[in-house]
Amino acid sequence: LVPLLRFDEVYVVYFKTNTRTVTSSPNILNYLREIYQMPRVKDTVNMEQIKMHYYASHPNLNRWSIIPKGPNFVKLLEMPHDRESINK
C-alpha cells in the first residue's frame with residue numbers, strides 16, 4: 001500500500017518509473033481509493049511530508065532538494081471508488 005501511495009507523486013519523477021502510473025491504471029487506482037478511504041487510513045498519509053522526505057534527503061539524486069508540485073494525487077484518492085461493482 002505505501003509504495004502505491006507514493007508512486008505517482010514521488011517514484012514516477014524521482015526514480016523515473018514513468019512508463020505507467022497508478023493514475024493511468026483504473027483498477028489499481030480504485031483499489032487504492034478504497035483502502036485510502038477506510039477508517040483511519042487517510043489520517044496516516046501526509047503527502048507533503050512524504051515528498052519533502054524523498055526529494056530533500058537524497059542529495060545524490062536531487063542536488064538542490066527541489067520538491068515538485070505534482071498532480072495532487074491525494075485529491076484523486078478522495079474521489080469515490082466503484083469497487084462494489086466488482087462483486088456484481
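A residue is called buried when its relative accessible area is under 20%, exposed when that area is over 50%, and partly exposed in between, using a 1.4 Å probe and protein chains only. The model shown is predicted, with local features needing pLDDT of at least 70, side-chain atom pairs counting only at pLDDT 80 or more, and totals for chains, interfaces and linings using all residues. Residues are numbered from 1 along each chain as its sequence is written, and side-chain values use heavy atoms, with hydrogens and water left out.

**View 1. Lys16 in a loop.** Lys16 lies in the loop between H1 and H2, where helices (H or I, at least four residues) are DSSP runs numbered from the N terminus, as are strands (E, at least two). With a relative accessibility of 62%, Lys16 counts as exposed. Although Lys16 is not a glycine, its phi is positive, at about 55°.

**View 2. Arg40 in another loop.** The loop between H2 and H3 holds Arg40, a residue other than glycine whose phi is near 75°, a positive value. Arg40 has a relative accessible area of 68%, and therefore it is classed as exposed.

**View 3. The salt bridge of Glu9 and Lys51.** A salt bridge here is a side-chain nitrogen of Lys or Arg within 4 Å of a carboxyl oxygen of Asp or Glu, and a search of the whole structure finds two of them. In one of these, Glu9 pairs with Lys51, and the closest N and O atoms are 3.4 Å apart. The pair links distant parts of the chain, since Glu9 belongs to helix H1 (residues 2–14) and Lys51 to helix H3 (residues 47–56), 42 residues apart. Both Glu9 and Lys51 are buried.

**View 4. The salt bridge of Glu78 and Lys42.** Glu78 forms a salt bridge with Lys42, with 3.4 Å between the closest N and O atoms. This pair also links distant parts of the chain, with Glu78 in the segment after helix H4 (73–77) and Lys42 in the loop between helix H2 (26–36) and H3, 36 residues apart. Glu78 is partly exposed, with a relative accessible area of 41%, and Lys42 counts as partly exposed at 41% relative accessibility.

**View 5. Buried residues of helix H2.** Within H2, the buried residues are Leu29, Asn30, Leu32, Arg33, Ile35 and Tyr36. An α-helix has 3.6 residues a turn, so residues three or four places apart point the same way. The buried residues of H2 pack against H1 and H4, where contact means heavy atoms within 4.5 Å.
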